[in-house]
Structures are given as C-alpha cells and as structure tokens.
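Visitor: Could you take me through a close look at one part of this model, and then show me what else there is to see around it?

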Amino acid sequence: MSHADVLADGSADAAELRPSSTPVRGAWGRLVRSELRLVFGRRRNQALLAGLAAVPLLLGLVLFVTRDSALAGQGPGFVGRVTGNGLFLVVAALIMCLPFLLPLTIGIATGEAIAGEASSGTLRYLLAVPVSRTRLLAVKAVATMTFVAAAVLAIGLVALAVGAAFFGLTDVTLLSGTTIPLADGVLRVAGVAAYVTLSLTGLVAVGLFFSTLTEVPVGAMAATVIVAIVSAVLDTLPQLAAIHPALLTHHWLDFAEFLRVEVDWGVLSSGMAVQAAWVAIFGSLAWSRFVTADVSS
Amino acid sequence: MTASGTRSSSVPRDRLRPAGSTEPAGADVELDASDVTALAVRTEGLTKRFRSGQLAVDGIGLRVPRGSVYGFLGPNGSGKTTTIRMLLGLVRPTSGVAWLLGEPMPDGAGHVLPRVGALVEGPAFHPYLGGRANLARLDASDATADPRTARRRSDEALERVGLTAAASKPYRQYSLGMKQRLGLAAALLRPRELLVLDEPTNGLDPQGTREVRLLIRELADAGTTVLVSSHLLTEIEQVCTHLGIMGRGKLLVQGERQVLTERGVARVTVTTAGEQVGAAAEVLTGLGLAEVLADGVTLHALLGATAPEEVSAAIVNAGLDLVGLQVRRPSLEELFVELTGEGFDVAR
Amino acid sequence: MTEASVPRPTSSRARWAVPAVVAVAVTGAFLAPPLLASADESVLPDVTPGQLVTTIAAAEPVPLSGTVVYTARLGLPEIPLAEMTGADPIALLGGSSTLRVWTDGAERSRVALLGSASEYSVVQDGAEAWTYSSSDDAVVHYTLSAADQARFDALADDARAGTLPEVAGGLPTPDEAARAALAQVEQYSTVAMGDQTTVAGRDAYQLVVTPKDASTLIGKVVVAIDAETSTPLRVQTWSSTDSSSPALEIGFTDVAFTTPDDAVLAFSAPAGAAVKDVVVPLPEMTGAEPETAPGTLPEGVSITGTGWETVTTWSGLDVASLIAGDPAALATVPGAELTIGSESAQDLIEEFMPSDGSGSPSIPTLDTSVLYDQLTTAVPEGRLLSSTLLSVLVTDDGRVLVGAVPAETLRAMA
C-alpha cells in the first residue's frame with residue numbers, strides 16, 4: 001500500500017490505515033515495557049525475588065541471635081565480619097547466593113524467556129504478530145538481565161536494611177586491613193553488587209541459548225544451573241589451570257577487588273572481558289539458533 | 001478471477017483498500033502482476049520435510065484468491081497446520097516458496113504479517129493474564145501498531161467475539177470456547193486483509209460454531225480474505241467460496257466450491273416396474289452407462305456424461321414404465337473419501 | 001515464473017557461520033595479545049653478565065607497584081586446606097598465587113597475598129611491620145625492642161648519610177661487589193646471558209645461572225632483569241628433573257614504576273581486630289654474612305659438601321615442638337635462615353621465604369603437625385620431605401638435613 005492511498009482516503013481514521021510496514025516510533029520501548037510487565041507481574045517471579053531477599057534476612061537473623069555465643073564471628077567469606085559492620089551483610093548475602101541461587105534465578109528467567117513461551121504456544125503468536133526474532137531475542141535478553149539485576153538489588157537492599165538494623169553501619173575495614181569511611185564503603189559495596197550483576201551476563205547468554213534449544217523450560221533451567229555448577233567444579237581442578245581464566249564462574253569472586261586497599265581495575269575489566277566473550281559467543285549461538293528454528297509448538 | 005469480482009462491492013472504503021488496487025508487484029518484476037494482486041496466498045512447490053524425515057507437506061501450490069473464503073480441509077495430520085506455519089513464517093520450508101499478499105515469506109514477514117490476523121493450532125495465551133492484558137501484550141509486540149488506539153482496538157476485538165464481560169478474568173479460568181474466542185479477538189486486533197484461521201471451531205459447541213461461521217461471513221463480506229482450516233468439513237463448508245483438500249501432505253484438489261461439488265461423478269437411480277428390471281438394465285448399458293447394478297426393482301448406474309433426460313427418454317422410448325429417476329451427486333465428504341480413501345476424523 | 005522471482009530462503013548454514021566467526025574472533029582477541037607480545041623481539045644492547053651484575057648492584061631501589069604471580073611446581077602433595085582458609089602463605093607451597101606489591105623504594109612497602117575474597121597483607125614501615133589476615137581479622141605487629149630500635153635508627157641514618165659502618169670484608173663499590181658476587185657464584189656455576197625477553201610488558205635481560213655440579217636438584221636459575229631500572233622482574237628456578245616448566249617461578253605480570261599512594265603504604269590496626277605484638281631482636285650485623293665467615297657456624301649446625309650440593313645439618317632439635325611452636329621461636333633457632341652455601345642459592349631461598357631486614361615478620365603461622373604429616377613421608381631414617389628442588393630429612397634422633405640434592409643423598413648421609 002502506498003502512502004498516496006492513505007492520503008487519498010483522507011479520512012479521520014487515517015491513523016488506523018497507517019501503512020502497516022512502517023514501525024511506530026517507540027515500538028522498542030513499548031515491547032520492552034510489555035516484557036518487563038510480563039516478567040515482573042508474574043507471581044512466580046515475585047516469589048523468587050522475595051525468596052532471594054529472604055536470604056539476607058535469615059542470615060542477619062541467625063547472626064544476630066548467635067552474636068554473643070561462641071559461634072559469633074565464625075563462618076565463611078564475610079559472614080564473620082557482619083556482626084562488626086552491617087554493611088558486610090550485603091557482601092556475605094551475595095556470596096551465599098552466588099554459587100547456586102542466582103544461577104537458579106537465571107535458569108528460571110531464561111528458561112521462561114524462550115522455551116516457556118514456546119511450550120505455552122505464545123511464541124507462535126508473538127512471531128505471527130509479527131515480532132522479528134532478532135528483536136524478540138534482544139528484548140528477552142534485556143528483560144532477563146533486568147530481572148537478574150533486580151534480584152541482586154533485592155538481596156543488596158534487604159541486606160543493607162537488615163544489616164543496619166541489627167548490627168549498625170560503621171566505617172569499613174577492607175580486606176587489606178585499611179579502614180575507610182562508611183560513605184566510601186557503601187560505594188564500594190555498590191560496586192560489588194554491580195560487578196556481581198555484570199558477572200552474570202555470560203550465564204544469561206548461556207541460559208538464553210539453552211532456552212532456544214528446547215520447548216521444555218525446566219530443561220533449559222536445569223542445563224543453565226548445571227553449567228554454572230560444572231564451571232565452578234572445573235575451576236577447582238588444578239589440572240585444568242590452563243583453562244581456568246576462561247571459565248564462566250572463575251572471575252565471579254573478583255568482586256573482592258572492591259574491598260582491597262587499591263582497586264585493580266585491570267582485574268575487574270578482565271573479568272568483564274571474559275563475560276563479554278561468553279555473551280558474544282552464546283549470544284550469537286542463541287541468535288543463530290533462534291532465527292533459524294522452526295516454531296512447531 | 002479477481003478478488004474484486006464477487007466481493008469488492010461490499011468493501012467499506014475505510015476498512016480495506018480494494019483488492020486488485022494498483023500496488024506494485026514489489027521487487028519481483030518477473031512475477032505475473034495479476035497473480036500478485038489477485039491472490040492473497042500463493043505457494044509453489046511448498047515442501048516441508050521434518051528432521052525426523054517425515055514429509056509433512058509435499059510440494060503444494062495453494063491459490064487463495066483475494067476476497068475468498070478458502071476452506072482448507074483435510075484430516076488431522078494431513079499437513080494443514082504445517083502449511084499454515086510456513087505461510088506465517090514460523091516454519092522454514094524445506095523447498096518451495098510462499099507469498100502472502102504478494103510478499104515472499106518468511107522474508108517479508110515484517111511487512112506483511114501486520115496485515116494478517118492468525119489463529120494457529122488453537123489459542124495460546126499467558127494463563128495468569130486476563131483477556132485484555134493478553135491482547136495488550138500482543139499489540140505491544142507489534143511494532144507497526146499505534147499504541148494510542150491500542151485500548152480501543154482491543155476492546156472492540158473483545159466486543160466482537162463477546163468477551164467484554166470476561167476481559168479482566170485470567171485466561172486460565174476461560175472455558176475452551178472463550179479461549180478460542182480470545183484467539184479470534186487477537187486475530188482481529190487490527191483491520192486485516194487476510195485472516196488465517198486454523199481450526200477456529202475447535203472446542204466450540206454448536207452455538208459457538210455457528211457464531212464463528214457468522215463472524216467469518218461478516219468479515220468476508222467486509223472484504224477480508226479468510227483462509228480457514230478444519231478437519232470437520234461440515235462446519236465450514238457452508239461459508240466457503242473456495243476449497244482445498246489436503247491428504248497425506250498433498251493438496252489433492254482445490255478450486256471454487258461450486259465447481260468442485262459439480263465435478264463429482266453423478267449416479268443415477270432408476271426405478272421401474274418389477275419385471276422390467278432386466279430390460280431397463282439393457283437400455284442403460286446401451287446408453288453407455290457404467291456399473292449398472294440391479295437391486296430389486298431399482299437400478300444404479302454411474303451417469304457419466306449422459307444427461308438424465310436422455311436416460312428417461314430412452315427408457316420411455318423402450319416402452320418401459322419409469323416409476324422413478326433420481327440423480328445424486330456426491331457430497332464434499334464423499335468427494336473427499338473418493339480422493340483420499342480416508343474418512344474425516346470425527347473422533348477429535 | 002522464473003528463478004529470479006523465487007524468494008531466496010535465507011540459508012540456515014549462513015546463520016550458523018555467525019557464532020563460528022564470533023567464537024574465532026573472541027578467541028583471537030584473548031590469545032593474540034600475548035602472542036604478539038612474545039613475537040615482539042626486544043632489541044637491547046648486548047651486555048655481559050659482569051656488566052649486568054654491576055648495573056644491578058649500582059641501581060638505586062625504585063618505587064614500584066605491581067602484580068606478582070608466583071607458581072610452584074614442587075611436586076609436593078596437594079594441600080587442600082589452602083583452598084578453604086582463604087589467603088594464607090601456606091598457599092605458596094603449591095600451585096599458583098597472586099601477590100600485589102607496593103614499595104616506595106626505601107623503607108615502606110606492602111605485599112598482599114590475594115585469595116578469593118580474602119587477603120594476607122604484610123606492611124613494612126622501617127623497622128616496624130604488620131601482618132594482617134582478613135580471614136581471621138588478625139593483626140601481628142612486629143617491632144624492635146627500644147634498644148634495637150635505636151640501633152636500627154642509627155644504622156638507617158648512617159645509610160642515608162652514606163656512612164655505613166665497616167662490616168667484615170668491607171662494603172665494596174657496586175662494581176667490586178658485583179665482581180665479587182659473580183666470582184663467588186662462578187666458583188660453582190656457569191653464568192651466562194639468556195635470551196632477552198619481555199616481562200610484564202617490559203624489556204628485560206635474562207641471567208642464567210647453571211650449577212656446574214650435576215648432583216644437585218637445581219637445573220638452573222634464570223633471572224629476568226628490567227633493562228631500564230635493573231629491577232629483577234622474574235626469577236625462575238628449574239629443577240634438573242623437569243625441563244618443561246620451572247619448578248618455582250615468581251615474576252611480575254604487571255608493574256609500574258611509580259610511587260604508591262600513601263594510603264597503601266600506611267597501616268594501622270583496624271578497630272576490632274585481634275592484635276598481637278611481637279618484639280623481634282635485631283640480628284647482629286656480623287652474623288648475617290655466613291659466606292664471609294664460614295668458620296663461625298652456630299652451634300649444632302654442620303655443613304657437608306660445597307656449592308649447590310651443600311647439605312646443612314642441624315642436630316639436637318625437638319622438631320615436633322618446633323612445628324607446634326610460634327614463629328618467634330623459629331627465629332631464635334640458630335641459623336634459622338636456610339644456608340646452602342652459594343650466594344645465588346641463598347638469594348633464591350630468601351626470595352621465596354619473604355624476609356626482610358627486621359627479622360622474620362613474614363614467616364607465617366604455619367599451623368600444625370597435620371601439615372607436617374601431609375608434606376612428609378615416612379622413611380626408615382625418619383620423615384622425608386621431597387620436592388623437585390629441595391629435600392629435607394628429619395631423622396628420628398632429632399637431626400634435620402637440608403639440601404638441594406636428591407632425597408637418596410640425604411638418606412645415605414643420615
């Protein structure tokens with residue numbers, strides 16, 4: 001249909017007769033908002049966020065109750081430091097969630113993104129609307145990443161609140177033994193949360209790729225979690241030291257860099273570079289798979 | 001024929017441009033221009049072989065004229081849904097090509113699908129969202145849809161399928177019929193030039209089936225081309241102007257319904273007085289009719305090219321009593337059985 | 001209809017080429033920089049070992065900060081507890097560790113052993129030193145006694161004024177010192193220039209010290225020296241039993257010759273940390289030069305053999321209680337600094353046993369007899385620790401034999 005046809009019509013309903021192949025401005029934003037509403041409006045996802053937010057609450061509660069007992073000051077990672085400074089509850093909670101719960105969250109979110117839509121049949125209607133598959137994949141990636149960021153944020157904010165309420169916030173003793181003002185400490189912990197979030201991008205790409213392979217969201221979820229766990233296991237085998245730096249999970253704990261006297265941005269950026277590499281490879285794999293796949297569900 | 005032949009008189013100016021308008025034939029200058037404008041759906045040698053090796057669709061050449069209601073018939077598993085998926089760009093053909101409204105698929109999907117409403121293999125929506133929210137979700141996905149009119153359009157679509165009262169109810173609480181209606185509402189979110197409805201009456205009670213038929217007729221009267229598939233011939237036969245019959249992945253026959261129903265081989269039944277059966281059979285055989293069989297005082301035979309009047313005249317001229325003469329043409333269903341050797345699957 | 005009118009179905013194979021290309025590009029991006037760097041032949045003027053050693057001896061210590069990676073392939077049993085306890089110096093016994101080093105080139109420095117989410121720091125400021133372990137939030141503060149402090153200050157003042165007291169043998173000029181050192185080394189080793197190399201992005205000379213004696217475990221020692229500042233950038237010690245990779249390697253992966261931030265070099269015990277004060281005796285100047293006075297060995301210590309195959313024997317030690325004891329006790333053992341006999345070997349040991357002028361503040365709290373049992377194996381003579389570079393035999397009658405020689409040699413001697 002040509003523009004001339006529309007103009008010739010000249011009717012008040014011209015907007016409705018817009019040439020169909022012309023995308024409306026803001027269409028991207030509209031789809032992203034719709035996708036975010038879908039993700040965050042889903043009760044299961046809300047429960048997931050609440051569950052993650054409960055981790056620092058429980059951890060804080062346990063530490064608060066046992067703070068005067070012989071068990072005080074014990075525990076892996078930063079757990080022992082929490083009673084001294086509530087700010088460390090953020091770091092301790094993130095460390096607790098990092099090996100399994102956050103990968104699980106990613107698995108659920110990415111499994112739902114493509115495989116979930118395929119299994120419920122809504123994917124075929126989206127594609128028939130039509131949504132270009134590249135655009136849909138990109139929007140799904142953005143929405144999933146936003147959900148993961150929200151999960152980290154939920155853990156962090158609840159941990160901050162619980163930590164402040166139970167243990168108070170004071171100047172921060174870094175891993176190097178140096179003490180910095182609380183405001184700097186909060187900034188550094190925010191850096192930790194940001195790094196943790198960005199560290200998960202590679203796994204999101206892997207999860208989306210699995211999600212394009214199957215119509216069974218649980219299968220994609222399980223595969224994603226398994227990748228994270230296998231990567232962590234391989235990371236402990238000294239025989240594989242040569243490939244450790246390339247592993248998805250190898251640089252996850254490098255967020256500790258924010259808690260050293262001098263932050264080595266080189267370490268952080270190499271961690272980010274590895275994630276970028278995983279995103280590039282698995283993002284392109286997911287794209288290739290998704291744009292060529294037959295949607296027969 | 002052209003789409004405007006039968007329907008264009010009733011096309012409202014503000015709903016749809018007349019089919020056969022001056023749209024250029026696109027980038028494809030080699031294509032017969034009349035085909036592009038006259039056919040809403042066209043495929044050439046469209047084939048899909050699944051990775052399992054199963055040949056689901058075997059070189060079919062669909063011709064759906066603009067303005068027609070094309071009944072796409074065939075038993076379950078005959079390849080209808082796979083064909084529809086290929087038309088909509090969901091499944092990639094193994095070989096062959098398809099055009100939708102003159103645009104090649106799937107490459108032209110972005111241009112052409114906004115003008116196509118589709119119901120594919122039953123409705124599918126997010127179970128925890130209400131009907132209106134589900135429509136809003138689909139509309140938001142449409143890069144070419146105007147967000148300002150989204151609410152009004154979805155309300156109109158819901159109204160049209162009678163779901164206004166249940167617009168906010170979660171989809172999982174819908175009955176099968178309501179789900180089907182929501183699927184139709186989604187297909188009607190925007191004015192469409194072509195509707196592809198795969199089994200739209202599935203799960204509907206007789207009343208619902210009637211309503212869908214009415215809806216299809218209404219849309220067709222407004223100038224929309226409708227491609228409607230079904231495994232239940234009788235449910236849609238009455239609204240179709242054209243028919244295509246699939247069997248085992250092949251398009252066995254297609255054309256105008258009128259032509260197809262007349263094409264069937266007619267049988268004649270002649271009833272005479274009891275003792276004249278043998279003589280009458282000789283007369284029929286003499287006329288060149290085949291498969292002459294006696295059944296009491298009744299004779300059956302294939303009419304072939306012979307006119308029924310010739311038969312009656314010949315019997316009378318032979319001095320025999322003609323008690324009754326009946327000509328029966330096969331129904332579409334019989335035609336189908338004849339073509340495929342299969343009955344319709346009524347169990348579904 | 002002609003062929004031209006057929007819409008081209010986008011080839012699936014073409015789509016799959018995209019990730020293949022991306023994978024190759026990404027792999028290339030990660031592998032190329034090191035390859036390019038190694039391909040980049042550094043062109044430095046040729047020098048002789050003598051000239052190089054002279055330059056090193058004359059060079060002023062420079063401020064620097066950098067990252068050091070230390071890798072040990074000593075062939076010791078795996079020590080799994082290193083994984084669990086965070087940053088702990090025990091980790092240095094095996095595998096690979098990362099350290100971060102800052103120094104102002106003079107009195108202040110900080111060395112941090114990085115663990116995942118933990119850190120072990122050693123901060124030195126003149127005669128004072130702290131260690132801080134983030135895992136248990138514990139500070140150990142090493143100081144000199146008041147008398148020693150005064151003596152140290154005087155020495156430091158003298159050093160600044162360039163009027164160091166005459167020690168035995170005198171303090172020669174850098175040139176003489178280098179010559180002497182080289183002569184000393186060449187008595188038992190061949191010293192040669194190795195290929196020029198690049199360490200941490202800096203052009204470097206390599207000095208290769210090869211023992212003349214074949215019976216030692218040490219194959220060769222390769223030291224990479226920064227061409228510009230004459231700072232040692234990397235030390236590799238190769239075992240004679242493995243020529244594929246160095247048994248010990250410590251080197252910068254990243255270095256900048258800038259003065260570190262004052263905040264890095266400063267240290268005060270954080271609030272709430274457990275602080276332990278240790279007063280360390282300042283060693284007598286004369287006792288610190290075993291080469292110049294080989295006859296004055298501490299009591300109970302004897303030396304067998306010469307050069308690289310030297311075996312040192314301590315007798316009459318209660319090894320078990322020593323192992324359980326604290327580091328201060330270790331420092332009081334006669335001749336605690338391991339002595340092999342040749343200067344380069346001595347340097348080597350000091351390199352890997354981070355020690356500094358104020359005694360041994362960085363000798364870690366090596367816990368436990370468990371570790372001892374894990375590292376050693378029972379032999380008829382006692383317990384044996386066997387690594388690719390060094391053998392230690394602890395006999396049941398309380399003697400300890402140490403040498404860079406095969407375990408069999410020690411057992412034959414015991």
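Guide: Helices here are DSSP runs of H or I with at least four residues, strands are runs of E with at least two, and both are numbered from the N terminus. The model is a predicted one. With that in hand, look at chain B, where B:Ala305 sits in the loop that joins strand E14 (298-302) to helix H12 (308-317). B:Ala305 counts as exposed because it has 8 C-beta neighbours inside 10 Å, and the cut-off for exposed is 12 or fewer. For a sense of distance, take B:Arg210: 95 residues separate it from B:Ala305 in sequence, and their C-alpha atoms are 38 Å apart in space.

Now to the other chains. Between chains C and A, 30 residues of chain C are in contact with 28 residues of chain A. On the chain C side, helix H1 (12-39), strand E2 (95-103), strand E4 (118-125) and helix H6 (262-265) each supply at least two residues. H1(C) gives the most, with 9 residues. Sorted by class, that side of chain C has 16 nonpolar, 8 polar and 6 charged residues.

Residues 47-66 of chain A are 95% helix and 0% strand, with end C-alpha atoms 28 Å apart.

Conventions:
Residues numbered from 1 in each chain as written. Chains lettered and ligands numbered in written order. Predicted model: local features only at pLDDT ≥ 70, side-chain atom pairs only at ≥ 80, totals over all residues. Buried ≥ 20, exposed ≤ 12 C-beta atoms within 10 Å, placed from the backbone. Contact = placed C-beta atoms within 7 Å. Nonpolar A, V, L, I, M, F, W, Y, C, P; charged D, E, K, R; others polar.
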